[in-house]
Amino acid sequence: MINLYFRKLTNILLCICLCFFMLLLTGCWDRTEINDLALVLGTGIDKTDDNKIQLSVQLSIPKAMGGTQQGTGGGGSGKPTIVKKATGSTIYDAMSRLQEKVSRKIFWGHNRVVIFGEALAKDGIRKDIDFFARHPEPRLRAYTFVSTGKAIDILEVIPELERSSAEIARELANFKIGMSVTVKDLLQMLNSGADSAALPWLEINPTEGLRVNGTAVFKKDKMKGSINDKLTRGLLWLRDDVHLATVTIEPKNTKGSISFNLLRSKTKLVPKIVDGKWQMIAKITTEDDAVENDTALNLMDPKIVKDLEKQLAQRINQRIRMTLNLVQKDMRIDVFGFGEAFHRKYPNEWEKVKGHWSEKFPEIEVKIDSKAHIRRPGMSTEPQGIPKNEVKK
Amino acid sequence: MIEKSRISSFQMAIMMYPTILATAILLVPSITGKFAERDMWLSPILASSIGFLNVFLAVQLNKLYPKMTLIEYSEKIIGLIPGKILGFAYLFFYLQTNGIVFREYGEFVVGNFLSKTPMIVVIGSMALVCAFSVRGGAEVIARSAQIFVPLVVILLLFIFILLVPDLEPKNMFPIMDKGIMPSFMGSVVPASWFSEYTLIAFLLPFLHDRGKGLKWGFISVFTVMITMVVTNMSALFLFGSITDSFTYPVMSAARYIDVADFLQHLESIVMAIWVAGTFVKISVFYYALVLGTAQWLNMSDYRTLVLPLGFLLVIFSLWTAPNLIEMVHYLTTTWVFNALTMQVAIPILLLILGKIRRKRGTKVGSTRND
Amino acid sequence: MLKRSWRKSEKGRKMQKTEYEKKEQDSLSNSFNNNVQNLRDIYKNCSDVVFRPFFIAGKGKAILVYIEGLANTEEIDDNVLSPLMQESTEYDDIKTLLKKRIAVSNVKELATFSDCVDQISIGNPVILIDGRATGFSLDLSKWEQRSVEEPSAEQVIRGPREGFIETLQVNSSMLRRKIRSPEFKMQAMEVGRYTKTKVIIAYMDGIVNKTLLEEVNNRLKRIDIDGVLESGIIEEFIEDNPYSPFPQLLTTERPDVAAANLLEGRVVIMVDGTPFVMIAPTTLYSFFQSNEDYYSRFLIASLIRWLRYFLVVMSLLLPSLYVAVLTFHQEMLPTTLIISVAASREQVPFPALVEALIMEITFEALREAGLRLPKQVGSAVSIVGALVIGESAVQAGIISAPMVIVVSFTGIASFTIPRYSAAIAIRMLRFPMIFLAGTLGLLGIMLGIITIIVHLCTLRSFGVPYLSPMAPMNASGMKDVLIRAPWWSLRTRPHFTGGYNRYRQPPDQKPGPKKGKEK
């Protein structure tokens with residue numbers, strides 16, 4: 001009896017259910033056609049004079065970017081991107097202002113680049129980075145930069161090789177010649193005990209277009225200064241971030257120079273506390289191939305290669321020393337991750353100095369122990385283009 | 001018996017895997033991370049002890065009353081009226097818990113993907129699909145689990161492997177710099193998830209190879225533990241100290257994947273396959289609830305209860321909490337005590353009472369067949 | 001509720017017997033005239049039934065009844081009529097006379113009219129003789145039949161090229177030629193009140209599961225319908241879940257497929273009048289396996305199997321995935337790809353969902369049109385179709401080019417499924433999936449997949465879980481599902497419910513250099 005009653009009830013419920021799901025078809029709550037989207041390719045964030053945020057976005061114009069689409073009328077003409085800007089007190093606030101000007105829904109899913117203007121960077125970037133970690137659309141893998149002058153100027157650059165300037169910035173970061181920092185990395189840097197960050201420094205060269213030139217160094221979330229390209233190399237060596245590098249040395253006792261292509265390198269930071277003295281030993285090993293040799297040195301001679309290896313290591317040491325002098329001694333900002341290293345090895349001691357790390361940091365004695373290995377002389381043995389008898393043995 | 005189909009203990013193990021894991025990789029890593037920080041990968045190992053205990057308890061109780069579920073033998077052990085009251089408490093607990101699971105699922109989908117879709121549509125459609133499988137009985141849930149679980153495992157492996165280039169194992173150190181306490185604290189919430197292994201009390205009577213129940217139960221707990229360690233580790237290795245600042249760290253990790261500029265933004269696929277795991281989880285809870293209710297009411301068939309209880313579940317899921325914040329707060333505080341009392345303390349008491357009863361029963365010499 | 005209203009009408013289910021059926025039940029009488037009259041009444045207005053009265057020399061009146069076109073008249077003249085009409089006094093008894101004089105291999109004695117009717121209807125001439133209460137049927141049937149050809153729906157590159165035809169005797173003989181053991185059994189029965197179609201249940205004694213055989217028998221016996229014109233009609237009566245879109249019986253036109261399935265312990269149901277035989281029980285995977293998988297090298301066969309599984313998934317999901325990605329998950333595609341897709345859609349007036357539906361329906365229409373039309377017109381349809389759904393729709397800006405690619409790939413993918421019945425089920429399910437994708441995105445697709453899989457989990461084919469050996473899992477069965485393991489390692493037959501004859505061959509037959517030297 002009860003079962004019969006329940007069966008009836010079940011059937012009625014089933015009918016209601018089905019009706020309910022008929023309604024499903026009418027509602028497409030989150031559906032957006034691809035033609036109603038404006039894809040954000042790059043974002044620039046600047047400070048306005050009245051302490052608000054000026055948000056500029058680089059939007060793609062699919063009509064112009066689509067390449068050769070038949071019959072749709074003159075593809076490829078016109079700019080492939082457009083830059084729009086708006087101001088507001090937060091990024092999202094600025095975005096909603098921006099939306100008033102853009103006929104399509106602004107879509108952050110393809111934003112790959114976030115550029116902070118110099119003025120904003122000096123003022124602090126923490127409050128602006130939150131949006132990129134909280135909103136579900138933007139990506140944690142977007143690369144972050146600091147630009148000379150205003151970020152919007154970078155976005156407005158019309159590129160020659162790529163489709164958009166944001167694409168250039170992304171590809172440059174991908175190469176990892178300089179620093180390459182994603183939103184996630186930035187969040188981690190800001191969160192770590194060292195209270196510092198380093199972002200690649202993007203500048204516009206009037207003749208050459210965009211260029212990554214050095215690194216902006218942050219204390220907490222405020223930019224304190226920048227270091228140039230050469231010093232950035234030193235920074236990269238210490239951070240174990242060297243991926244694409246050529247090292248050119250001018251060997252002693254001979255004219256000309258030799259270029260090496262870096263195959264792989266490994267940096268190990270070994271913290272040590274000896275009698276209350278804080279030491280950091282950076283152990284660097286690199287493997288290189290020779291790619292160019294305009295000296296008269298025979299690269300097949302083990303003795304010469306041994307010598308060159310030493311000079312190569314010295315060269316790296318020099319670079320690192322230069323960087324340390326500026327960043328550790330003058331700026332007193334720990335962008336190398338020394339703090340983390342000490343934290344990992346000496347958690348108790350770290351606990352004590354955590355509060356005044358910026359005072360302790362410059363006192364750390366850094367020992368650099370670099371080893372270079374030249375693996376191959378390239379495709380040639382002896383120097384090319386000179387007579388045999390001039391080759392130095 | 002009310003359920004006619006039979007499953008194997010291997011199928012039971014495979015059903016329980018997503019039953020614990022599906023929601024345990026959402027909010028739990030973040031909650032664990034808050035307490036345990038760098039030691040968050042240790043917490044699941046500690047927490048799994050509760051899982052092993054629960055499997056042991058359920059199997060022992062099942063040995064006393066081989067063909068009965070939790071609802072039925074609690075009546076036998078503590079008498080009809082108290083048993084009914086306890087049974088009702090259990091049913092209510094599972095109703096509420098399943099409501100929470102539904103809500104977690106809904107919150108996750110709406111919060112990350114379909115922000116404008118009404119919650120009731122997301123939850124309701126899932127409820128209907130689950131009702132469909134629960135009507136099919138334990139056998140159908142077990143078989144669909146066998147199809148989906150390999151998918152979920154492959155998915156987790158896939159996330160882990162694609163993340164390898166970005167992982168930094170040094171984020172793990174220093175291990176236990178503040179002692180074992182933080183990881184112990186962090187293990188409390190996962191432990192309440194592991195205590196859901198009590199659900200096997202509803203499946204054990206239907207095993208055709210009951211002798212292997214304990215073995216496969218333990219294997220299941222172990223694999224869940226390993227999986228949680230691995231997912232926690234991958235989140236930790238990727239995010240380091242900021243792991244706990246994400247609501248769904250594993251999901252955020254999946255979003256970070258980028259291989260060759262082509263395999264990127266995989267979170268939607270990850271979500272879709274994860275939904276399959278959640279489906280198994282909800283179905284198992286749903287099934288226990290429906291079966292338990294039918295037994296509590298002494299009905300001969302449970303199928304008629306499926307839809308009405310489904311409606312109740314959807315409503316419970318909407319009532320559970322006003323927002324995600326409250327829900328996380330509930331999960332870290334009240335829920336832990338609730339779950340551990342219902343799923344650990346009471347089964348222990350039942351087992352002790354049952355053993356005593358069995359001893360007395362044999363002394364008096366009364367013959368009783370279960 | 002539906003079920004109860006059915007039950008009410010159950011009383012009316014027993015159908016009235018026809019006048020003919022009543023007559024047929026009578027047995028033959030001694031009166032020759034009565035018998036002839038009765039037969040003439042039964043075959044009233046049947047212009048194709050020939051009554052040929054004649055005299056058996058010295059014995060009396062007789063009549064030969066047969067159907068024109070079904071009986072071999074030449075043989076009747078030479079072997080029946082002429083010897084009987086010749087003067088002869090050697091034999092007194094008619095029976096001996098028939099035995100000695102008529103050179104026909106199979107002569108049956110008939111006692112009732114229904115026996116007579118049965119024999120006449122299958123083409124065997126019947127002789128009624130004055131003064132005898134029994135008739136004799138002579139196995140002299142002959143009718144026009146199609147010659148054995150390669151089945152067009154199941155073509156292979158390597159493998160036997162013969163296919164079943166419409167004649168049951170030929171079909172059963174083809175099977176017998178493949179399996180010569182007497183353990184190969186065929187039980188015959190008749191289905192259809194009017195068509196009286198012969199149905200054969202074929203199985204291997206000792207391999208087949210007895211309960212399965214019984215179940216097949218019971219289900220076939222339950223059928224009570226007017227006529228069986230094709231095995232599909234029987235299929236609908238004996239399948240487990242009539243509401244499922246998935247076929248629960250495998251049909252094939254190839255004797256080698258049927259024989260292979262017999263050896264795996266399955267039951268083959270053959271129906272007269274159709275080249276399609278049915279195989280029970282069936283699992284989902286057998287629809288995605290071609291017989292050629294077992295004849296070609298196992299590595300290649302395994303790879304092709306994987307490709308096929310992938311294409312099955314594609315043919316079900318690709319349009320819906322496209323819709324979901326384009327309208328819900330735009331971040332999933334690489335930036336350059338999304339921009340070029342967006343560019344191609346710039347002029348398209350429809351939402352992606354509608355576009356997908358239009359294209360899928362057009363494609364299905366073309367497929368159907370190409371199938372039904374005469375061959376000569378068919379090629380015209382495909383030319384028009386290629387132009388309509390290809391070039392012009394894109395050029396007119398009505399449909400975007402990527403959509404055309406998606407739909408055509410889906411079409412190709414669905415054609416790779418070896419069994420048409422499964423392909424059409426998957427093609428049908430594509431439409432609800434597109435709708436789900438258009439409302440809930442990938443989540444909708446996943447809910448759809450879950451529903452389909454749960455449905456497949458509940459399905460059984462003659463008591464065997466439809467998804468076995470995947471769910472419930474069976475390791476040795478997976479050897480023939482995930483891959484196609486080499487024959488020497490495929491030791492066990494697929495496991496169905498109940499007891500079974502497990503091993504098909506002894507172990508250690510892997511060929512190797514040492515094996516040859518033994519002995």
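**Exercise 1. Describe the contact between chain B and chain C in this predicted model.**

Step 1. Start with the residues that touch. Chain B brings 34 residues to the contact and chain C brings 26.

Step 2. Turn to the area. About 2500 Å² is buried between chain B and chain C, and 78% of this lies on carbon and sulfur atoms. On the chain B side, Phe132(B), Arg143(B) and Ile147(B) supply 23% of the area buried against chain C, more than any other three residues.

Step 3. Look for charged pairs. One salt bridge is counted between chain B and chain C. Its side chains are those of Arg460(C) and Glu139(B), at 3.3 Å from N to O.

Step 4. Assign the chain B side to elements. Two or more residues each come from α1 (9-24), α5 (80-112), α6 (119-136), α7 (138-163) and α11 (267-296) of chain B. The element that gives the most is α11(B), with nine residues. By residue class, this side of chain B has 20 nonpolar, 10 polar and four charged residues.

**Exercise 2. Describe the contact between chain A and chain B in the same terms.**

Step 1. Here 34 residues of chain A and 44 residues of chain B take part.

Step 2. The buried area is about 3400 Å², with 58% given by carbon and sulfur atoms. Asp30(A), Arg141(A) and Arg344(A) supply 21% of what chain A buries against chain B, more than any other three residues.

Step 3. The salt bridge count between chain A and chain B is zero. Seven residue pairs are in polar contact, both residues of each pair at pLDDT 80 or more.

Step 4. On the chain A side, α1 (2-26), α8 (183-191) and α11 (338-345) each give two or more residues. The most come from α1(A), with 11 residues. This side of chain A divides into 14 nonpolar, eight polar and 12 charged residues.

**Exercise 3. Which distant parts of chain C does the pair Glu154(C) and Arg419(C) link?**

Step 1. The side chains form a salt bridge of 2.7 Å, N to O.

Step 2. Glu154(C) is in the loop between β5 (135-138) and α7 (168-178), while Arg419(C) is in the loop between α15 (401-415) and α16 (420-458), 265 residues apart. Both Glu154(C) and Arg419(C) are buried.

Step 3. Elsewhere in the list of salt bridges, shared partners join Glu360(C), Glu364(C), Arg367(C), Glu368(C), Arg372(C), Arg427(C) and Arg430(C) into one network.

**Exercise 4. Is Val277(C) buried or exposed?**

Step 1. Locate the residue: Val277(C) lies in strand β10 (residues 277-280) of chain C.

Step 2. With a relative accessible area of 1%, Val277(C) is buried.

Step 3. Check the surroundings. Apart from neighbours within four places in sequence, the contacts of Val277(C) include Phe164(C), Leu250(C), Ala258(C), Val268(C), Ile269(C) and Met270(C).

How values were computed. Residues are numbered from 1 along each chain as its sequence is written. Chains are lettered from A and ligands numbered from 1 in the order in which they are written. This is a predicted model: local features need pLDDT of at least 70, side-chain atom pairs count only at pLDDT 80 or more; totals for chains, interfaces and linings use all residues. Side-chain values use heavy atoms; hydrogens and water are left out. Contact means heavy atoms within 4.5 Å. Buried area is the accessible area (1.4 Å probe) that two parts lose on being put together, summed over both. A salt bridge is a side-chain nitrogen of Lys or Arg within 4 Å of a carboxyl oxygen of Asp or Glu. Helices (H or I, at least four residues) and strands (E, at least two) are DSSP runs, numbered from the N terminus. Ala, Val, Leu, Ile, Met, Phe, Trp, Tyr, Cys and Pro count as nonpolar, Asp, Glu, Lys and Arg as charged, and the others, Gly among them, as polar. Buried means under 20% relative accessible area, exposed over 50%, partly exposed in between (1.4 Å probe, protein chains only). A polar contact is a pair of N or O atoms within 3.5 Å; within protein, one must be able to donate a hydrogen and the other to accept it, and residues adjacent in sequence count only if both atoms are side-chain atoms.
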